[in-house]
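Hello,

Here is the structure I promised to hand over. Please have a look at it first, and then read on for what turned up.

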Amino acid sequence: MRYVVTCFLEKDELCSFIVYGGSIHEASSTFEKTLKIASPLNDFVNLSDGKQVKVGSILAYRIDEVKPLF
């Protein structure tokens, strides 16, 4: 299943990207582990479009299921 993660960043910025998992809990758990392992001062999350987001700049995030079209 696909889920969209929306990150709320400093300076009122947003970024969104897709994560995959068997359930929303699994996708959330994987993303949370990634954030916990990273150093908030100098580590980045690499997004699939090549953009890098500094872990310390993520103030909050939300994970929503991407509903299939058919």
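In what order do the strands of the open sheet lie? The order is β2-β1-β5, three strands with antiparallel pairing. Because β2 and β5 each have a single partner strand, they stand at the edges, and one side of each is left without a neighbour in the sheet. From one strand to the next, the twist averages 20°.

Before you go further, please keep in mind that this is a predicted model. The average pLDDT of the chain is 88, and 100% of the residues score at least 70. Among the elements, the highest mean pLDDT, 94, belongs to strand β5 (residues 58-65). The lowest, 86, belongs to strand β3 (residues 44-46).

Now to the start of the chain. Strand β1 covers residues 2-9 and strand β2 covers residues 13-20, and eight bridges join the two in the antiparallel sense.

Helix α1, residues 24-37, lies across β1, β2 and β5.

Enjoy exploring it, and write back whenever you like.

Best wishes

Conventions. Residues numbered from 1 in each chain as written. Predicted model: local features only at pLDDT ≥ 70, side-chain atom pairs only at ≥ 80, totals over all residues. Heavy atoms only, no water. pLDDT = per-residue confidence, 0-100. Helix = DSSP H or I, 4+ residues; strand = E, 2+ residues; numbered from the N terminus. Pairing = 2+ DSSP bridges. Axes fitted to C-alpha atoms, helices over the stretch in contact; angles between N-to-C directions. Contact = heavy atoms within 4.5 Å.
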